[in-house]
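Please read the following report on selected strand and helix arrangements alongside the model. It covers a sheet, a helix pair and a hairpin.

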Amino acid sequence: MKPAVFSYLDPRTLEEALDAVGEHGDDASVLAGGQSLVPLLNMRLARPEVVVDINRVPGLDTSRVEAGAVRVGALVRAATVEKDPALADALPVLADAVRHIAHPQIRNRTTIGGNVAHADPSSELPAVLAALDGAVVLRSTAGERTVGWEEFFVSVFTTAREPEELVTEVVFPVRPDLEFRWTEFARHHGDFPVAGICCGLDVEDGVVRAARLAATGVADRPVRLREAETALTDAALGAETARAVGELARRAVDPPSDVHGSGDFRRAVLATLVRRTIETWPDRSQRGRRGAAA
Amino acid sequence: MNRLVGARVARINDPRLLTGRGTYVDDISLPGMLHAVMVRASIAHGRVTRFDAAEALADEDVHAVITPEQAMARTRDLPLVWLAPEQRHTHVPVATDEVRYVGQPLGVVVADTRASAEDALDVIDVGYDELDAVVDAEAALADDAPLLYPGWGTNVVASYDIGDTGEEIEPVFAGAAHVVERRLQVQRLAVNPIEPRGLVAQWDAGTESLTVWISTQVSHHIRDHLAIVLGLRADQVRVIARDVGGGFGSKEHLYADEALACLAAMTTGRPVKWIEDRGEHFGATFHARDVVHRARLALDENGRFLAIHSDIVGNCGAHASNVGTGPFRISSIMLPGPYRFERAGTRIRGVVTTTTPTGAMRGFGMQEASWVRERLVDEAARELGADPVELRLRNMLGPEDLPYETRTYQRYDSGDYPEALRRVGAEIDKRSRPSEGRIRRGVGVATHVEFTGLGPSKMQQLVGFHLGGFETGVVRVEPDGSVVVSSGVVGMGQGIETTLAQLAAEQLHVPMSAVTVRLGDTATAPYSASGSIASRSMVVGGGAVVRAGGRLRERLVRIAAHRLEADPGDIEVEEGVFSVKGVPGSSLTLAELAGHAWLGWNLPPGERADLEEKDVHDPENVSYSYASHAAAVAVDLDTGQVRVEDYWVVHDAGTVVNPMIADGQVVGGVAHGIGIALHEEMRYDPAGQPITTSYLDYVMPTAEDIPDMDVSHLCTPAPHIPGGMKGLGEGGTILSPVTVGNAVAAAVPEIAEKLVETPLSPSRMWTLIHEAGLHDEAGPHDDPTSKE
């Protein structure tokens, strides 16, 4: 398991990095944390001519909370997001989801930008982005653009990123009116989930005022379960609603079968995750809304 | 006297291994060493029509490419060790242009680095005439199945009966009040030691000798078979196993690719390293299990067992492995377990398919036998409304019945089988954690007798197993009083170095720190034909060390008595000091005794000078361990997930030399078995391509699957083994899959009848639960918007 021969570039500035991907385009793979690229290289499933290692590019490894969004630099490590108190305060679901990515040693290397750019259909962060209506910032020598999640995630391992672009930042909008939770079902903690959901609810006096529901592992990219969101909105929390919404989630997807189970099994797991999440959702409205004290 | 046997002595290798100072094969680097990779078949079935390495050889980093044609010309066939009656394979070629599984080695590339060897592999052009694949053993029995060896006219490589045959057994089933019949299956498994296979081979052209450092359980077996296939004399080959990162059965013979890597060293005249990578392991290292049993249990009107029979179709893969149909045979002889039967037997058909050959893995046939027998017994209890523990006790052999000859030729030795079962039964009776909502809970038990300590050589001859069953132990006291123990068994992480040292130290009455154990090197270790397989290292190898050590102690006592002018009966030995009882100051240290002995001075008349004793131990019988297990599980009806919440083991492996190591073996074995029960499965697509070739798809158990366990030992010594030991490395794996299965059946009785096949993965469980109508929400089948 040794990679095929490639050229290695390690740009020291963002400009050099953009020049490198601009010049090599489709022939280049960008190395950030290496969580996915390194095994793909070693198994020779990826055979880029050039590997552009952006780990020494300054300015991509910081995150900030501003103007209703958490903006995470592409090189910020999963372990950093997991432990950053400012991020935890602004958007606790981010750390909740990140904790399900692989294992601590790997999360020390995994980057948020790389995870999103890789677009694995069973990955956690794309579904978080979907639930939050997040976006990805792309830069090339020609300039910068921000692409919404729905446009960014095209299919399995395929995104709207052009070959000459770099993911520089991932934008997770903060919705203080909603409380978000991450739940997934995997064979083991750290494995790719069979299915996972990011659910956000605004509950007042036992009634859902607003809802966001996104899933991973059940399609070729993250999906928003909009019928389920509609059904949740203005519904009373409880077993009846949970069951109905789980059923809508099941019907919204049609995943393929694989070695871990049939498509029907995946749909059933999704329905169970949705139903149980709603069933066990605490109504905190009695003791004040989230963030109301701040 | 210091009691070392039975003490929780820390493992003597651990400080070295845990601080990164071990020497696994990949840690060995020799000057001028080259790196080999195997050219492997990418199709399941066909003939190689083109093997073009011109472009690869043009690379200056590439030193050699051995083609299938060259390999065929330079190697002889590899003998198979365990031959069934009239088995159609007795040898297999090391090299061939006939492809019968994906991953089959065809040739070798040797280059300056592993990476350049893999680059060369990329540009070797192999062409095939492709033939149809057949993956499933039952499908391979069909009249129109593709034949792997057309000359046979069948895909059956061997077929035979064990125990009572049809005519003897059918009348018992016909007349029985109750018969339970199921089609039970155990999945194909990949073995997955943490260290894959690998070797470094060095050919010395001057002395015409080959030295091979290899990750193996059987150094002498590797030496003998390398000599055969490479056309060398045995004395020209030296095989060294240093630290071995687990074997679990997968390293119990010489593989064709290992022989080819040695051939590469002889061809290039340079040392060659070959390391199997993890992806390669899933296709190149022999698999295990993959068997279907059509099994029946007959009971009379009082719930008394009358007969058990199984019609076994075993998947051998592309050719009979070193052990061939051995696992199915061991399933057969151990099928009766700890119960009385009037009749018991099996019919075995070993079938070739276009898949990786199947061979040995921890639990060898006995895990499958336990899955079959103990599921049948649990199903009988369910159908009759009997308590599963009580039904088992009613039919179990008691201590007063032993020794006992089974219908399948086993002479069980010693123990109290019912006591082990009563103890785990009492544990589950105390448990009262109820089901909650969609989480169902249940408890299950299982019990078995285990064939360990292979084995009397004459029995191995009777069953066509072409390896000796003895072990030799050499114990030597050096002139300075240090002690060296040599044995032909191999350390592979099981702790045998520590336990052999305990035995020798106890026999000689010296501290553990005085003892060094040397294993694994054919140049220095006594000959061991069978090596470290079949839970035999401690039983057979340890028995030899007990006897050799005991004889050496007697000699030392005689020498001490002579020098101290006392009667040998008055000599006491404590911590390496020999004293005359009741005479203070009249004593000699072991170093003082040994220093003179090795000079030949001050010896009693007739005493030899050397302080070395050798014992050849060929036991008169295998030794029969036994155990009962119990599991408590929780089943999530909605996701199909099974969680093992509690686990109990009562195990008897005779004398337990080191309870800490014994517990580790049992707990590790149960963990392995929980993986079999819930997760692991090696799968192929219909074209014969393996589809579970990384840990993304081949799911191994992890710490989160394994509950804390309650392990206790009964210690009934093996009456015929010096030291009384029985084997204990496999019992945990043998019994845990069916114990978990029985607990799942108790938790969800609606699907009990269908719990016939492992792994009980979430998807399989979900499907069974769904088909049983236990999903109260609208399922996909009654969903009008379903796209199916």
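Two strands count as paired if DSSP finds at least two bridges between them; strands (E, at least two residues) and helices (H or I, at least four) are DSSP runs, numbered from the N terminus. The model is predicted: local features need pLDDT of at least 70 and side-chain atom pairs count only at pLDDT 80 or more, while totals for chains, interfaces and linings use all residues. Residues are numbered from 1 along each chain as its sequence is written, and chains are lettered from A and ligands numbered from 1 in the order in which they are written.

**Hairpin in chain A.** Strands β4(A), residues 63-66, and β5(A), residues 69-73, run antiparallel and are joined by 4 bridges. V65(A) has V70(A) of β5(A) as its bridge partner. The hairpin has 2 residues between the strands, and A67(A) takes a positive phi near 40 degrees.

**Sheet in chain B.** An open sheet of 4 strands has the order β23-β22-β21-β27 in chain B, with mixed pairing. β23(B) and β27(B) (612-617) stand at the edges with a single partner strand each, so one side of each lacks a neighbour in the sheet. On average, neighbouring strands are turned by 15 degrees against each other, direction ignored (axes are lines fitted to C-alpha atoms, for helices over the stretch in contact; angles run from 0 to 180 degrees between N-to-C directions). Helix α16(B), residues 537-564, packs on this sheet and touches β21, β22 and β27 of chain B, its direction making about 35 degrees with that of β21(B). Contact here means C-beta atoms, placed from the backbone, within 7 Å.

| Strands | Sense | Bridges |
|---|---|---|
| β22(B) (residues 483-487) and β23(B) | parallel | 4 bridges |
| β21(B) (residues 471-477) and β27(B) | antiparallel | 6 bridges |

V485(B) stands opposite V517(B) in β23(B), and G473(B) has D615(B) of β27(B) as its bridge partner. β22(B), helix α15(B) (residues 496-508) and β23(B) form a right-handed β-α-β unit; right-handed means that, with the strands pointing away from the viewer, the path from the first strand over the helix to the second runs clockwise.

**Helix pair in chain B.** The axes of α11(B) (residues 366-384) and α12(B) (residues 388-395) come within 9 Å and cross at roughly 115 degrees. The two helices α11(B) and α12(B) are therefore roughly perpendicular, a term for angles of 65 to 115 degrees. Residues in contact include V377(B) and A381(B) of α11(B) and L391(B) of α12(B).

Conventions. Contact = placed C-beta atoms within 7 Å. Parallel < 35°, antiparallel > 145°, perpendicular 65-115°, else oblique.
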